Amino acid sequence: MTNNEKYLVVGAGNISKKHIDNIKRLKRNSLVFNLSSSGRNIDPQSNNADYLLRNFQEAHEHKFSAVIIASPASFHIEHALFFSSLKIPLLIEKPLSDNLKKYEEASNALLDLNEKIKIAYNLRYLNSMVFFKNFLRENLLGKIYSVQSEVGQNLINWRPKKNYKHTVSSNKKLGGGALLELSHELDYLTWIFGDIQSVFCKLSNTNHFDIDVEDNVESILQTKSGLCINLHMDFLQNKTIRKCKVIGEKGTLDFDLLENKIIHYQENEKIEIIFNENVFDHNQPYIDMLQDFLNPDTEKLNNLASLDEAKYVLAIIEAMRASSKENSLIKVD
């Protein structure tokens with residue numbers, strides 16, 4: 001075996017393959033290993049990894065420069081703990097876990113690696129998202145009055161080559177459901193608008209898909225500054241949507257994340273397209289995120305989500321679950 005840098009990707013799904021391809025693109029002389037989180041054999045014909053590992057014990061036979069954990073959310077903490085002893089950087093696909101308790105039970109061990117553990121919330125790397133955040137941070141909309149965020153896509157069309165009932169999204173035991181699978185929204189909303197103080201939420205399973213997780217989420221989040229955010233998430237819509245509307249003192253911002261377009265509706269019905277990049281490489285945010293992870297630069301803005309930020313998203317999710325169950329306003333711990 002050569003002395004090339006070695007990287008490991010845990011998981012055998014589409015996102016794992018994307019990470020493998022992107023590592024090979026960024027680190028051309030490296031060796032990329034792949035390990036199925038379930039222990040099943042990976043088809044080498046559909047995989048671009050240099051080596052396929054048969055089990056986790058084999059992983060300890062190699063000195064990896066970094067590990068990407070892209071297994072189902074219910075295994076994230078278990079796998080992070082397994083690799084924590086190696087004291088190497090870990091990138092965990094969102095969300096951090098399927099519930100907060102798992103993280104809290106492992107927090108002491110993981111906090112020793114705090115700065116070396118990052119969470120992959122790739123929407124932070126959309127050029128439009130960075131522009132959106134900076135526009136609001138520079139107070140160009142004035143005082144913000146309200147925020148409406150919506151994300152929805154038909155579950156059957158999400159991964160058309162797979163039976164949707166067998167995917168992570170559809171299975172509670174794997175960390176599925178709209179709340180966890182679409183937690184990108186909770187990450188970017190807190191990243192831009194600040195910490196959430198309380199939530200009122202209604203989770204529902206419409207029985208449209210015959211699955212055991214929620215497929216529809218309606219919620220109101222109140223930040224510590226008093227701002228109210230109306231958030232809708234679902235697995236139901238036939239026309240995929242991902243938008244955020246911000247109503248402020250100096251007009252309204254209409255941000256379409258799928259079109260990569262931001263419109264500013266101003267006084268006297270003046271309309272200005274302030275960002276428009278509808279033709280772009282959808283893989284680029286993943287490349288930029290991986291670049292930050294593999295080659296951290298303290299002089300450059302790094303948008304990777306921290307362990308604390310990802311834990312906070314889980315705390316919001318737990319509060320949303322409790323609110324729906326108790327039909328009441330719940331404070332976020």
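Residues are numbered from 1 along each chain as its sequence is written. Because the model is predicted, local features need pLDDT of at least 70 and side-chain atom pairs count only at pLDDT 80 or more, while totals for chains, interfaces and linings use all residues; side-chain values use heavy atoms, with hydrogens and water left out.

Helices (H or I, at least four residues) and strands (E, at least two) are DSSP runs, numbered from the N terminus. Two strands pair if DSSP finds at least two bridges between them.

Contact here means heavy atoms within 4.5 Å.

Buried means under 20% relative accessible area, exposed means over 50%, and partly exposed lies in between (1.4 Å probe, protein chains only).

| Strand pair | Sense | Bridges | Facing residues |
|---|---|---|---|
| E4 (residues 66-69) and E5 | parallel | three | Ile-69 and Ile-92 |
| E5 and E6 (residues 117-120) | parallel | four | Leu-91 and Lys-118 |
| E6 and E15 | antiparallel | two | Lys-118 and Ser-306 |

## The nine-stranded sheet

The other open sheet has nine strands, ordered E14-E13-E12-E11-E7-E10-E9-E8-E16, and its pairing is mixed. At the edges are strand E14 (271-276) and strand E16 (330-331), each pairing on one side only. Helix H8 (residues 184-193) packs on the sheet, where it touches strands E7 (144-152), E8 (196-204), E9 (216-223), E10 (228-234) and E11 (241-248). The direction of H8 makes about 160° with that of E7. Helix H10 (residues 307-326) also packs on the sheet, touching E8, E9, E10 and E16, and its direction makes about 55° with that of E8.

H8 is mostly covered, with 10 of its 10 residues buried; among them are His-184, Glu-185, Asp-187 and Trp-191. The helix is followed by Gly-194, whose phi is positive, near 100°.

Elsewhere in the sheet, E12 and E13 pair in the antiparallel sense over five bridges, and Asp-256 stands opposite Lys-261 in E13. Leu-257 lies in the loop between E12 (251-256) and E13 (261-265). At 4% relative accessibility, Leu-257 counts as buried. Leaving aside neighbours within four places in sequence, the contacts of Leu-257 include Leu-123, Met-129, Tyr-188 and Cys-244.

## Cores and cysteines

A nonpolar core is a set of buried Ala, Val, Leu, Ile, Met, Phe, Trp, Tyr and Cys residues joined through side-chain atoms within 4.5 Å. The largest has 83 residues, of which Leu-8, Met-129, Phe-132, Phe-193 and Met-320 touch the most other members. H10 gives the most to this core, with 10 residues. Not counting residues up to four places away in sequence, Met-320 touches Cys-201, Leu-186 and Val-217, among others. A second, separate core of 17 residues includes Ala-66, Ile-68, Leu-91 and Leu-294.

A search of the whole structure finds zero disulfides, a disulfide being a pair of cysteine sulfur atoms within 2.5 Å. The sulfur of Cys-201 is 14 Å from the closest cysteine sulfur, in Cys-228, which is too far for a bond. Cys-201 is buried, at 2% relative accessible area, whereas Cys-228 is partly exposed at 38%. For Cys-228, the nearest cysteine sulfur is that of Cys-244, 14 Å away.

Note on methods:
Axes are lines fitted to C-alpha atoms, for helices over the stretch in contact, and angles run from 0 to 180 degrees between N-to-C directions.
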